[in-house]
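Thanks for making time this morning.

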Amino acid sequence: MNTWMKRYSMLGVAAIWAATCAVPAQAQSAAVMDRLAQGAAANGKQITWYESSPEDQISKVLAGFNQRYPDVKVRYVRLVGGNELASRVIQEEQASGKSADVLTGGPDHLWQLNHRGLLKDLSAENLDLPAKLLPVNYSVPTTASVYVEIWNTRKVKDEEVPASWDELINDKWRGRIGNWVRAAAFAQLAHTWGEEKAEQQLRKFVTLKPYLFKSTFPLAQGVASGEVDIALGFYHSLQPILKAGAPVKYRLLDPTPMHTISTGITKSSSNPDAAMLLALWLTTPEGAKIYEDATARGNPVVEGTQTHQMLKDMKVSEWPFDQNDKLAELNDKFNAILAEGAKVK
């Protein structure tokens, strides 16, 4: 086992907006936060949080939260990749009338849950939020998953590295390229390219016989080990192997597809004040920084995060919140196309 792999094993891998749309780094209304904290403590019930990050990362987030609000108890449940968020919550609500209190996931998943009437209307809660932190009435932006091109520096020479989407979706990478099992990057690119071009590019991508990984963390590891030479992955999933010294580099392509990850509160929450307190704290400068330091995913609409800085000069491709029904439609369609000709790892 080489040096980087030893270091990687030690570390472990359990582990939109442009700059003009950013929210200034300012604390949420102290009165609102104090009111929610008092209500949460008076209620006393523990809340459950569904999210997709490794447990060791979220334990750091909750440590920061509990340093600020020691009387609010949170149980974390990891839903790997976020793929099962909507289906699990729907099943649990149908079976027992109760699921998790706090749900952090992609816009299409939260849209599905709100469409079924399962999420609390946050606009009716007098939370004193700026418009950019309440783009729809059922969720607040928490973080973002940013797509990057990643490659193994021992398998791909610097002069070979694709500098554009056309160079990445090229026959030279047939059988050498990896991707997540979902075609969500192409669904987001459709907002910039148009649906017709995005589908054409996806079908061309499928002819490359990409290897599909069930999560973006093993995808990044697959690039590092040389299982695939190059891949379309997430910036945050790449960080553990970069820290381990793996022979991997990354690049943002123009346009850059991104998923804003948001947080909603279930109507069935047993302690809604605690649930809203956690959701709002994650949008504060303190919460956003702690979350980004722990997970490598930052809030793109909160100034001061590394994610906001990274994206400020890039053209981001993402469907707006009020068109999540279209995103959900494209995800279903494009996922089926991707599954037709790829190999699942």
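I will begin with a pair of strands and then turn to the aromatic pairs.

Please keep in mind throughout that this is a predicted model. Strand 1, which covers residues 47–51, pairs with strand 2 in the parallel sense, and the pairing runs over five bridges. One of these bridges joins Ile47 to Val74 in strand 2. Between the two strands the chain passes through helix 3, residues 55–68, and this β-α-β crossover is right-handed. Strand 2 itself, residues 74–78, has four of its five residues buried, so the rest of the structure largely encloses it.

Now to the rings, where the count comes to eight aromatic pairs. Trp49 and Tyr76 form one that is edge-to-face, with 5.8 Å from centre to centre and 70° between the planes. This pair links distant parts of the chain, since Trp49 sits in strand 1 and Tyr76 in strand 2, 27 residues apart. Both Trp49 and Tyr76 are buried.

Then there is Trp180 with Phe234: the ring centres are 5.6 Å apart and the planes stand at 65°, over the 60 degrees required, so this pair is edge-to-face. Here too distant parts of the chain are linked, with Trp180 in strand 5 (residues 177–180) and Phe234 in strand 7 (residues 230–234), 54 residues apart. Trp180 counts as buried because its relative accessibility is 6%, and Phe234 counts as buried at 5%.

Finally, ring pairs link Phe65, Tyr69 and Trp281 into a cluster.

How values were computed
Residues are numbered from 1 along each chain as its sequence is written. This is a predicted model: local features need pLDDT of at least 70, side-chain atom pairs count only at pLDDT 80 or more; totals for chains, interfaces and linings use all residues. Side-chain values use heavy atoms; hydrogens and water are left out. Buried means under 20% relative accessible area, exposed over 50%, partly exposed in between (1.4 Å probe, protein chains only). Two strands pair if DSSP finds at least two bridges between them. A crossover is right-handed if, with the strands pointing away from the viewer, the path from the first strand over the helix to the second runs clockwise. Rings of Phe, Tyr and Trp (its six-membered ring) pair if their centres lie within 6.5 Å; planes under 30 degrees apart count as stacked, over 60 as edge-to-face and the rest as tilted.
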